[in-house]
Amino acid sequence: MRTADVLRLVTRALLTARLRSFLTILGIAVGIAAVSLLTTLGAGLQLYVLDNFSQFGSRIVAVNPGKTQTGGIGGLLSSTRPLSLDDADSLRSLPFVERVVPVVQGSGAIEFGRRVRHTDIIGGNGEMAAAWRFGIAQGHFLPVISGNSQPLAVLGSRVKRELFGDAGALGRFIRVGGERYRVVGVMASKGQMLGFDLDDIVYIPIDRALSLFNRPGLMEIDITYRAGSSAQQVAERIRQRLIQRHGVEDFSLTTQDEMLSSLNRILSLLTVAVGALGGISLLVGAIGIVTIMVTTVQERTAEIGLLRALGATRRQILLLFLSEALLLALAGGLFGLLLMALLLGVLALAIPALPISLSPFYLLLALLLAAVVGLLAGVSPAWRAAGLNPVDALQQE
Amino acid sequence: MIRLVDLSKTYQLGDQPVKALDQVDLAIEAGEYLSVMGPSGSGKSTLLNMIGLLDTPDSGRYFLAGREMNALNEEARAAERNRRIGFVFQAYHLLERLSARENIELPLVLAGMAPAERRPMVDQIIKRLDLDSRASHLPRQLSGGQRQRVAIARAVIRKPALLLADEPTGNLDSHSGAEVIALLEELNNQGITLLVVTHDPAIGQRAARRLRMEDGRIIDDSGATQPPSADSRHAHR
């Protein structure tokens with residue numbers, strides 16, 4: 001039988017039972033829409049989070065004091081030496097290293113006149129803004145001087161707005177943890193990252209932050225490196241240098257590459273899990289197809305007998321009914337994608353910030369999924385139709 | 001053309017085995033006109049289904065056009081049905097959602113013939129059976145007689161050697177019934193082998209060769225005859 005004829009006979013059958021076909025298609029459409037909508041949102045979220053993290057640049061290695069270790073005496077005897085500013089400075093001479101940023105973080109009261117705001121305070125150096133790819137809106141960032149820094153501060157855009165309003169902040173004096181600081185710069189707005197307000201921060205020089213918070217050492221050293229070397233190579237050199245200075249490995253290294261890839265893994269898994277949730281409704285749609293095909297085969301038993309008498313082979317009967325299920329599912333798939341596009345449009349209008357990434361690959365995959373569902377749902381009823389005895393089938397009215 | 005040797009078929013009806021065909025021997029020449037009569041359950045329909053390759057015998061042999069049919073698999077039997085055998089049923093068995101024309105076309109479609117090739121064949125048969133004005137109608141828009149004419153057109157579109165009619169007038173009034181019979185006889189006149197299963201003695205008597213069945217056996221056979229000439233057929237009408 002010709003493909004065009006199969007298609008014609010099958011569409012005619014589906015169009016004859018319009019309402020029934022439509023409802024079955026709707027069932028599949030809801031399933032496909034759910035699966036593709038949820039995975040699209042999942043993939044969008046994944047992209048959004050990774051984007052957030054890689055905004056700091058991907059060629060970055062972080063050193064933190066302390067080492068997570070498992071095991072007997074080693075764990076008990078090892079003592080952790082704090083990471084010092086000298087440790088940080090010693091890394092500058094390593095090959096490929098571009099910037100070294102010592103970091104201490106705390107929080108405290110920021111005062112200007114009568115206004116007080118409690119914010120995060122980050123101690124860093126002059127290279128911090130460049131290393132983290134933060135922009136400056138007014139003035140300049142902290143000066144690049146090591147040791148005995150002047151009391152200078154840079155405000156996040158939110159802090160500036162809260163304390164100064166529209167008035168200029170540059171050159172004014174604020175109190176950070178009770179000490180007088182002069183404002184030299186205001187950061188460009190950076191927005192939130194995973195609920196953490198990057199604009200509600202005050203930056204001060206690292207040595208002043210250490211004494212302000214009364215800490216013995218740094219919380220982190222961020223090292224950026226130039227292109228041309230791998231994260232592993234740079235991390236290995238840093239490890240060697242610090243072991244040389246500390247005698248033991250009492251610190252941990254995290255490369256941005258590593259972090260991004262593990263984050264990516266977690267989020268991919270999440271996307272799949274959410275998609276599987278939507279798959280439940282697709283399963284229900286598939287059951288709808290099975291139901292309708294079983295009914296159809298029963299109703300058209302006499303017709304199957306006739307077709308066999310006219311010379312249709314079992315294979316042709318199988319083909320006809322399988323095509324019917326397949327066509328139902330594909331129509332459902334297309335309709336489902338349309339439904340998803342509609343829902344995404346509404347969502348995008350309602351929540352403009354929502355990260356949405358539509359890829360044609362996944363749309364095709366959704367259609368393919370619909371086709372597979374149709375074939376699986378149709379195979380058992382079609383098989384029954386093909387297996388009918390033509391004599392018995394003809395007697396059915 | 002057709003030879004049945006010692007053909008038997010037993011059905012299970014509840015837990016009662018029923019002999020639908022009991023060692024039937026029959027030879028039919030090309031172009032013959034046969035009627036099969038007998039009470040319900042005598043095996044008439046089973047005989048027709050067996051000859052039509054819809055049913056398989058438990059034992060015995062069946063030769064169609066010199067070839068043994070028992071040896072064929074389902075695919076080959078379907079191909080034989082498509083090519084050599086036309087069926088006409090009491091209930092017409094038209095596909096309600098297809099037009100008369102599309103119904104007639106079905107055997108060609110199943111055979112995989114190209115639309116350009118089948119169009120003239122369908123046109124010709126529609127013209128010949130006087131269905132021109134009805135070709136695009138759905139079956140439910142046709143009268144019983146017209147429906148059966150469509151079914152007959154479908155049965156002979158492949159120019160089969162054998163036409164099997166199971167109570168072809170059972171659902172028709174006497175006028176339409178007579179028309180349908182006349183059409184079948186006309187086709188027989190043109191050379192097709194015609195086998196009619198019927199309850200109606202008036203129709204059964206018209207056949208040149210009459211079989212009577214009871215309990216799965218052919219108990220009476222008026223004997224193979226030369227197909228009657230067109231003149232004698234006219235005398236009957």
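Trainee: In the hairpin formed by strand 9 and strand 10 of chain B, which residue in the turn has a positive phi?

Mentor: This is a predicted model, in which local features need pLDDT of at least 70, side-chain atom pairs count only at pLDDT 80 or more, and totals for chains, interfaces and linings use all residues. Residues are numbered from 1 along each chain as its sequence is written, while chains are lettered from A and ligands numbered from 1 in the order in which they are written. Strands (E, at least two residues) and helices (H or I, at least four) are DSSP runs, numbered from the N terminus. The hairpin has two residues between its strands, and the turn residue with a positive phi of about 50 degrees is B:Asp215.

Trainee: How many bridges join strand 9 to strand 10 of chain B?

Mentor: Two strands pair if DSSP finds at least two bridges between them. Strand 9 (residues 209–214) and strand 10 (residues 217–221) run antiparallel, and the number of bridges joining them is four.

Trainee: How many other C-beta atoms lie within 10 Å of B:Asp215?

Mentor: A residue is buried with 20 or more other C-beta atoms within 10 Å of its own, exposed with 12 or fewer, and partly exposed in between; C-beta atoms are placed from the backbone. B:Asp215 is partly exposed because its count is 15.

Trainee: Where is B:Ala65 placed?

Mentor: Most residues other than glycine have a negative phi. B:Ala65 has a positive phi, near 50 degrees, and counts as partly exposed because it has 13 C-beta neighbours inside 10 Å. Its place is in the loop between strand 4 (59–64) and strand 5 (67–68) of chain B.

Trainee: What is the radius of gyration of chain B?

Mentor: Chain B has eight helices and ten strands. The globule rule is 2.2 Å times the number of residues to the power 0.38, and the radius is taken over C-alpha atoms. For 237 residues the rule gives 18 Å, and chain B is close to that, so it is as compact as a globular protein of that length: its radius of gyration is 18 Å.

Trainee: How many residues does the contact take from chain B?

Mentor: Two residues are in contact if their C-beta atoms, placed from the backbone, lie within 7 Å. Chain A gives 19 residues to the contact, and the number from chain B is 22.

Trainee: What distance separates the centres of domain 1 and domain 2 of chain A?

Mentor: Domain bounds come from an automatic or database domain assignment. Domain 1 is 3–52 + 262–395 and domain 2 is 81–249. Taken over C-alpha atoms, their centres are separated by 55 Å.
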